[in-house]
Amino acid sequence: MFDRNSKTIQAMAPLLQRVLIVDPQVANAKLLGELMRSMVRCQVWAAASGAKALKLAGSVTPDVIFVELAGEGLDGVDFTRRLRRSNLTCRDAPVIMVTSQATAASILAARDAGVHEFIRKPFTVKDLARRLEAVTLHPRDWIEAVDYVGPDRRRFNSGDYGGPLKRRSDAPKAPEAARTGQALKILRSAIGAAERDPAQALRAMQTQAKELQKAAAAAGDMKLTNAALELIRYLGEVERNAASFTVADVQARAAPLLAYLPREERSSEAA
């Protein structure tokens, strides 16, 4: 069955050692676990509710998580959103949502919660392998914002859409300039949310400052590099000291970075 894709399976295997299945239906979880073990040598854990799954995820640190969209005592979208905004080591683990009713609304809700892939039941081993290949060998950029945490939604693939690519952003890899621009926009948005959601705003600002520092180093832009490092140092002190911060505080520290935004976007900086 896997002869044609044996190399792909072998490449995925090290990235699928620990599997968490969240499903209130024990039989369904058992079947999916057996399918996974038939493909790769892995350990499988199962949880019947979102609360139990989050607790289990904290102890086993899964490499991939399968979650049922809905069931008794389970809301898969809510589970994913809580996972993404948690402090768990596996908060960025690939999440594959499973359901027998894949509506446009459920696919969009899953995408906006931070799900990587969507698979509809009943599915074949080939369908499963395609989703696993997507999350392990073709990972998408990670977006750490305030209102969204998860893989880049612009490259979301539910596996149920076979139409043409419609946007330039559907290209396989975002140009460095686009990545820098996106980091600046997320940074600006996170600063605006510093008082509304300080914990996630801090995490988003730290992530974007590091993205900008890497981009600046690659471009040889010392001014941008220094500005990013200064913000990273400041945010690190805030985190270490559990200090409070205001929008005005961070805006002042981030001003040299935000100056890299196009003029027309800087005018809406407080938005």
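Predicted model: local features only at pLDDT ≥ 70, side-chain atom pairs only at ≥ 80, totals over all residues.

Let us begin with helix H8, residues 198-219, and helix H9, residues 222-240. Two packed helices are described by the angle between their axes and the distance between the axes. The axes of H8 and H9 come within 8 Å and cross at roughly 155°. Because angles over 145 degrees count as roughly antiparallel, H8 is roughly antiparallel to H9. The crossing of H8 past H9 is left-handed, which is where the opening term comes in.

Now to the residues where this pair meets. On the H8 side you will find Leu-202, Met-205, Gln-206, Ala-209, Lys-210, Leu-212, Gln-213, Ala-216 and Ala-217. Facing them from H9 are Leu-224, Thr-225, Ala-228, Leu-229, Leu-231, Ile-232, Leu-235, Gly-236, Val-238 and Glu-239. Sorted by class, the residues of this contact are 13 nonpolar, four polar and two charged.

Thr-225 sits in helix H9, and its contacts beyond four places in sequence are Gln-213, Ala-216 and Ala-217. Since buried means under 20% relative accessible area, Thr-225 counts as buried at 8%.

Helix H7 (residues 176-192) packs against helix H10 (residues 247-258) at an angle of about 165°, and their axes are 9 Å apart. With that angle, H7 is roughly antiparallel to H10. H7 passes H10 in a left-handed crossing. From H7 the contact draws on Leu-184, Leu-187, Arg-188, Ile-191 and Gly-192, and from H10 on Val-247, Val-250, Gln-251, Ala-254, Leu-257 and Leu-258. Its residues fall into eight nonpolar, two polar and one charged.

The third pair runs another way. Helix H4, residues 76-84, and helix H5, residues 104-113, have axes that come within 8 Å and cross at roughly 15°. Angles under 35 degrees count as roughly parallel, so H4 and H5 are roughly parallel to each other. The crossing of H4 past H5 is left-handed. Val-77, Thr-80, Arg-81 and Arg-84 of H4 meet Ala-109, Ala-110 and Ala-113 of H5. In this contact four residues are nonpolar, one is polar and two are charged.

Val-77 counts as buried, at 12% relative accessibility. Setting aside residues up to four places away in sequence, Val-77 touches Leu-69, Met-97, Ala-109, Ala-110 and Ala-113. Val-77 is also a handy landmark for the next stop: Gly-50 is 27 residues from it in sequence, and their C-alpha atoms are 9.7 Å apart in space.

That brings us to Ser-49, in the loop between strand E2 (43-47) and helix H3 (50-60). Ser-49 counts as buried, with a relative accessibility of 17%. A polar atom of the Ser-49 side chain lies 3.2 Å from the backbone nitrogen of Lys-52. Beyond four places in sequence, Ser-49 is in contact with Val-22, Gly-73 and Leu-74.

Most residues other than glycine have a negative phi, and most peptide bonds are trans. Thr-61, in the loop between H3 and strand E3 (64-68), is not a glycine and yet has a positive phi of about 50°. Thr-61 is partly exposed, with a relative accessible area of 26%. The other spot is the peptide bond from Lys-121 to Pro-122, which is cis, with omega near -5°. Pro-122 lies in the loop between strand E7 (117-120) and helix H6 (125-137).

Finally, step back to the whole protein. Its secondary structure comes to eleven helices and nine strands. Of its 271 residues, 46% count as buried. Among contacts between residues at least 6 apart in sequence, 67% join residues at least 24 apart.

Technical notes
Residues numbered from 1 in each chain as written. Heavy atoms only, no water. Helix = DSSP H or I, 4+ residues; strand = E, 2+ residues; numbered from the N terminus. Buried < 20%, exposed > 50% of the residue type's maximum accessible area, 1.4 Å probe, protein only. Polar contact = N/O pair within 3.5 Å; in protein donor to acceptor, adjacent residues only side chain to side chain. Contact = heavy atoms within 4.5 Å. Axes fitted to C-alpha atoms, helices over the stretch in contact; angles between N-to-C directions. Parallel < 35°, antiparallel > 145°, perpendicular 65-115°, else oblique. Left-handed = near helix turned anticlockwise from the far one by under 90°. Nonpolar A, V, L, I, M, F, W, Y, C, P; charged D, E, K, R; others polar.
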